Amino acid sequence: MTEATANPTRLREIVLGGPRGFCAGVDRAIDIVELALEVCPHPVYVRKEIVHNRHVVEALRAKGAHFVDELTEVPDDATVIFSAHGISPAVRDEAQRRGLRVIDATCPLVTKVHLEAIRYAREGYSIILVGHADHDEVVGTMGEAPDRMFLIAHPEDVDRLAVPDPDKVAYLTQTTLSVDDTRDCIEALRRRFPKIVGPSRDDICYATQNRQAAVKTVAGEVDVLLVIGAANSSNANRLVEVSRVRGTPSYLIADKNDIRAEWLANAARVGVTAGASTPEFLVSDVVEELRRRHGARVREVRVVEEDVRFGLPRELEDIARRAGKAIPARSGLPAFKEE
Ligand code: SF4
């Protein structure tokens, strides 16, 4: 939004969605990199974006982390951290073969899906994974049983599936999907494969579900919804879709600089929320920018409180203890101060 387009509109209220922003898996992944930078010999490498947010990656790079796309860029005997999205066994094996010191920041809820894939593969199932091709998490999960896994993204994909035994089929889901779209996929799978097995509902994580639930509430109260997140963030993109499905225009923005005045031209209320890898300071920036431009008041709608925390990987805790460093306490999402 430029000064030239900053004429006050009738915008009266900013409605903040909650929960929003960092989840327990992202908090943990960032803590892992920060602690590794303190206690491990440098350089410390991180394979892929630790979480899908440029601001997070840049902040960690400024503290000394070296981000690489592949293990070939990591020298032998160095320390490498695997991202929150998880990795395939092939990557883990390669790191072991190379003698790299590995610290795994895979979110425990992604690991849970990997373990389910391993179990179903051992039991001889064909595994249908509902997810988005090329997302880091899906690449990692598919790698657990590449010759047994089939990827679908939409209910229409179900009819095209050709599995060896339709009576021996299991399903899993990516953790950051749309709750509603995934339900449609699972219903289509159940119709095609009546004996299909899987998690009781899906593998969509608590953070994804809670942020979508907040968007459903906020979208019903605003004229437009701004979702702060990266273009490659699955869960942030799903928040935009959830709002649009409810008829509320929604836009994904990386930060306050992406706000376009025309989106707000006829809006009395604007919703603001953030994907699970978006730092809270970006939310504060957007809110302050909107208030500065329009003088709107702020109200928060929080549909559920979150208190999920994950422990650090044992390998890192051991290194930290040997180095005499305290294990950091998990940080939670600070509530935005209402007026
Ligand atoms: S969005 Fe869910 S699965 Fe992904 S890191 Fe956060 S808690 Fe873990």
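A residue is called buried when its relative accessible area is under 20%, and in this predicted model 55% of the 339 residues of the protein count as buried. The C-alpha atoms fill a box of roughly 60 × 55 × 35 Å, taken along the principal axes. Because a compact globule with 339 residues would have a radius of gyration near 20 Å, the value of 21 Å found for the protein agrees with that expectation. The fold is built from 11 helices and 12 strands.

The C-alpha atom of R119 is separated by 38 Å from that of A254, although the two residues stand 135 residues apart along the chain.

The largest cavity has a volume of about 290 Å³, and of the 24 residues that line it, C23, V26, H85, T175 and T176 are the closest to its centre. Two or more lining residues are given by each of the helices α1 (24-39), α4, α7 (206-219) and α8, and the largest share, three residues, comes from α7. By class, the lining of the largest cavity has 12 nonpolar, 11 polar and one charged residues.

The ligand sits in this largest cavity. The residues around the ligand are C23, G25, C107, L109, V110, T175, T176, C205 and Y206, and this shell divides into six nonpolar and three polar residues, with no charged residue among them.

A further space is described by the second largest pocket, which has a volume of about 210 Å³. The second largest pocket is lined by 14 residues, and those nearest its centre are H132, A153, H154, S178 and D181. Both α6 (179-192) and α8 (234-245) supply at least two residues of this lining, with the largest share, four residues, coming from α6. The lining of the second largest pocket divides into five nonpolar, five polar and four charged residues.

Conventions
Residues are numbered from 1 along each chain as its sequence is written. This is a predicted model: local features need pLDDT of at least 70, side-chain atom pairs count only at pLDDT 80 or more; totals for chains, interfaces and linings use all residues. Side-chain values use heavy atoms; hydrogens and water are left out. On a 1 Å grid over the protein atoms alone, a cavity is a set of points where a 1.4 Å probe fits but cannot get out, and a pocket is an open set with protein on both sides within 12 Å along at least five of seven lines; lining residues have an atom within 4 Å of a point. Grid points are joined across faces, edges and corners, and a volume is the space filled by probe spheres set on the points. Ala, Val, Leu, Ile, Met, Phe, Trp, Tyr, Cys and Pro count as nonpolar, Asp, Glu, Lys and Arg as charged, and the others, Gly among them, as polar. A residue is near a molecule or strand if one of its heavy atoms lies within 4 Å of it. A molecule sits in a cavity or pocket if more than half of its atoms lie within 2 Å of its grid points. The radius of gyration is taken over C-alpha atoms; the globule rule is 2.2 Å times the number of residues to the power 0.38. Buried means under 20% relative accessible area, exposed over 50%, partly exposed in between (1.4 Å probe, protein chains only).
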